[in-house]
Amino acid sequence: MYLVWTSDLSPYLTDSAASRMVMAIIPAERYIIDPITGVNLTLQAACLAIAESFNRLSREGLNVCDLYSGETVMELRGYVTAFRGDWKALKQTFNFKRYADQVCWQCAATKGLSPESLALAYTNVNTDAPWVATIGDTLPWDYEPGYTLLEGFDVKFIHADLLHIYHLGTGRDLVGSALVHMLETRGFFEGSNIAARLASATLEVRRFCKERKLPLKLHKLSRSKLNWNTADMPELRSSGYDTYVVKWLVEVTTRHSAQLPAQLCTALWTADQILSTLAKAGRWLSVEEQELKECYGALFTRSYVEVANSSLERRKRAYRLRPKLHLWHHILKESRPPRINPHVFSTWTDEDALKK
Ligand SMILES: [Zn+2]
């Protein structure tokens with residue numbers, strides 16, 4: 001595991017190598033896991049040392065001196081305000097105990113695998129869903145993680161990562177299933193068979209991205225790229241950024257809206273509006289941007305679940321409902337006063353820094 005930190009005040013936040021500082025690299029084969037509690041002792045020991053070091057920066061601070069006169073010109077103090085990372089990293093770092101039927105560290109939502117847990121199922125996306133009342137009720141761990149010793153620590157500092165939650169999660173499921181639906185039905189793309197329609201769709205998406213100067217990693221749409229087979233659910237198997245092709249699909253749905261379920265058009269359109277707004281917005285969302293996120297977010301989750309339910313009723317495997325949808329739901333409905341842009345907690349730049 002790579003443990004990196006970055007300063008909110010860094011003037012180089014868009015430069016991945018200049019703004020990400022590596023604190024530790026721990027190879028997974030060196031982990032010591034407690035067999036009874038499942039706690040990653042190696043990682044917790046590292047986090048404890050990091051917390052103590054950061055606390056010195058918070059409590060004692062550092063004097064910044066003028067290079068020529070030697071005089072102290074500033075006293076620098078630092079406080080940890082947020083944690084980000086994919087689910088696996090967060091689970092080990094914070095000793096999350098909720099897994100299997102429970103899906104979330106922020107609330108008591110479940111997959112609804114048993115009659116007892118069905119009432120708290122995350123697939124209930126109504127505003128009065130029972131899991132909503134459980135947000136922040138109890139701590140998600142039994143064994144206090146090392147980072148809780150940090151000055152001012154709050155469990156709300158732990159943020160879901162947009163890249164893994166949406167771009168490599170629900171967004172992929174939506175784009176993949178929508179594309180499969182449009183490719184297996186005549187009339188959306190040119191061609192008398194699926195192979196021909198896949199070729200037409202590839203040409204279309206490439207042209208769309210070229211005209212708008214959008215980078216596209218995907219060379220070719222194919223059955224394997226869409227995970228299109230009878231046993232699995234479709235998903236766009238490409239880079240996270242390619243989930244952005246939802247922009248192109250919105251254009252396709254506009255041309256063919258009469259042939260598509262209204263919920264699907266709504267899910268695609270709202271997803272594009274939300275993602276575009278977050279990508280363009282600053283560190284804090286304006287009141288209007290926040291309202292758009294919440295309002296279109298509610299529309300998105302309802303439409304997506306409806307389109308998934310209607311597929312299920314037709315015994316069609318599509319529009320996968322996975323726990324990432326629930327974390328995306330939290331991101332969309334989050335309305336705390338700072339109105340922080342969830343894009344800030346996306347790990348795009350961290351992943352980029354690690355590659356360098
Ligand atoms: Zn939750």
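Predicted model: local features only at pLDDT ≥ 70, side-chain atom pairs only at ≥ 80, totals over all residues.
Arg-315 lies in the loop that joins helix 8 (287-313) to helix 9 (323-333), where helices (H or I, at least four residues) and strands (E, at least two) are DSSP runs numbered from the N terminus. Arg-315 has a positive phi of about 55° although it is not a glycine. Most residues other than glycine have a negative phi.

Residues are numbered from 1 along each chain as its sequence is written.

A second residue with this backbone feature is Lys-213, which has a positive phi of about 55° although it is not a glycine. Lys-213 is found in the loop between helix 5 (194-211) and helix 6, and it is exposed, with 6 other C-beta atoms within 10 Å.

The C-alpha trace spans about 75 × 55 × 45 Å along its principal axes. For 356 residues a compact globule would have a radius of gyration near 21 Å, and the 23 Å of the protein agrees with this; the radius is taken over C-alpha atoms, and the globule rule is 2.2 Å times the number of residues to the power 0.38. Buried residues make up 33% of the 356 residues. Of the contacts between residues at least 6 apart in sequence, 61% join residues at least 24 apart, two residues being in contact if their C-beta atoms, placed from the backbone, lie within 7 Å.

The protein is divided into domain 1 (2-97 + 146-157), domain 2 (104-140) and domain 3 (162-355), with bounds that come from an automatic or database domain assignment. The C-alpha centres of domain 1 and domain 3 lie 33 Å apart, and ten residues of domain 1 are in contact with eight residues of domain 3. On the side of domain 1 that touches domain 3, the elements that give two or more residues are strand 1 (2-5) and helix 1 (16-19). By class, that side of domain 1 has five nonpolar, two polar and three charged residues, where Ala, Val, Leu, Ile, Met, Phe, Trp, Tyr, Cys and Pro count as nonpolar, Asp, Glu, Lys and Arg as charged, and the others, Gly among them, as polar.

Gly-78 lies in the loop between strand 4 (72-76) and helix 3 (87-93). With 17 other C-beta atoms within 10 Å, Gly-78 is partly exposed. When residues up to four places away in sequence are not counted, Gly-78 touches Phe-54, Leu-57 and Ser-58, while its C-alpha atom is separated by 8.7 Å from that of Arg-59, 19 residues apart along the chain.

Thr-138 has its place in the loop between helix 3 and helix 4, and it is exposed, with 11 other C-beta atoms within 10 Å. The C-alpha atoms of Thr-138 and Trp-105, which are 33 residues apart along the chain, are separated by 9.2 Å.

Two packed helices are described by the angle between their axes and the distance between the axes. The axes of helix 4 (residues 162-184) and helix 6 (residues 246-255) come within 11 Å and cross at roughly 35°; axes are lines fitted to C-alpha atoms, for helices over the stretch in contact, and angles run from 0 to 180 degrees between N-to-C directions. In this contact Gly-171, Val-175, Ala-178 and Met-182 of helix 4 meet Val-246, Leu-249 and Val-252 of helix 6, and the residues divide into six nonpolar, one polar and no charged.

Glu-251 is also found in helix 6, and with 13 C-beta neighbours inside 10 Å it counts as partly exposed. Glu-251 and Thr-301 are 50 residues apart in sequence and 21 Å apart in space, C-alpha to C-alpha. Arg-207, in helix 5, is exposed, with 11 other C-beta atoms within 10 Å, and it stands 9.9 Å from Trp-248, C-alpha to C-alpha, across 41 residues of sequence.

Conventions. Buried ≥ 20, exposed ≤ 12 C-beta atoms within 10 Å, placed from the backbone.
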